[in-house]
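Please look over the following protein before reading the notes on it. The sequence and the structure are shown together.

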Amino acid sequence: MSDFDDVAGHWHLEDHPTKPGCTRVFYACDIKFKRAVPGPVMNFLTKSALKQATSWVKRESEGKPEASIPKQYAIAFVPGRRSKF
């Protein structure tokens, strides 16, 4: 059983404005709890959970900058165009 009533998120990619060939990656997430949660608790959960959930992206992408996009995902990413997943 979960304390969440609903969780939804999406990734957003865009070209880096000052580093050609680099991409910025953003993750947005909405969480709805079953019960009211105090603001400070929500802030703590949001910051710590998102950091933990997304820390692998920085590590993996910077560890393999020369890696290519797998063929099954290449269609979803078009360089120079903002993409939402």
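The notes below go from the whole chain to single elements and residues.

This is a predicted model. The protein contains 2 helices and 3 strands, and their order along the sequence is β-β-α-α-β.

**Whole protein**
- The protein has 85 residues, and buried residues account for 9% of them.
- Its accessible surface is about 7,400 Å². Carbon and sulfur atoms contribute 59% of that surface.
- Take the contacts between residues at least 6 apart in sequence: 51% of these contacts link residues at least 24 apart.

**Helix α1**
- Helix α1 covers residues 39-63, a run of 25 residues.
- From the first C-alpha of α1 to the last, the distance is 36 Å. This is close to the 36 Å expected for the helix at 1.5 Å a residue.

**A nonpolar surface patch**
- Which residues form a nonpolar patch on the surface? They are V41, F44 and L45, and together they have about 270 Å² of accessible area.
- L45 belongs to helix α1.
- An α-helix has 3.6 residues a turn, so residues three or four places apart point the same way.

**Strand β1 and H10**
- Strand β1 runs over residues 4-15, and H10 is one of its residues.
- Why does H10 count as partly exposed? The reason is its relative accessibility of 30%, which lies between the limits for buried, under 20%, and exposed, over 50%.
- H10 and C29 are 19 residues apart along the chain, and their C-alpha atoms are separated by 6.6 Å.

Notes:
Residues are numbered from 1 along each chain as its sequence is written. This is a predicted model: local features need pLDDT of at least 70, side-chain atom pairs count only at pLDDT 80 or more; totals for chains, interfaces and linings use all residues. Side-chain values use heavy atoms; hydrogens and water are left out. Patches are made of residues with over 30% relative accessible area and no salt bridge: like charges are joined within 9 Å, nonpolar side chains (Val, Leu, Ile, Met, Phe, Trp, Tyr) within 5 Å. Accessible areas come from the Shrake-Rupley method with a 1.4 Å probe; for residues, only the protein chains shown count as cover. A salt bridge is a side-chain nitrogen of Lys or Arg within 4 Å of a carboxyl oxygen of Asp or Glu. Helices (H or I, at least four residues) and strands (E, at least two) are DSSP runs, numbered from the N terminus. Buried means under 20% relative accessible area, exposed over 50%, partly exposed in between (1.4 Å probe, protein chains only). Contact means heavy atoms within 4.5 Å. The expected span of a helix is 1.5 Å times one less than its number of residues.
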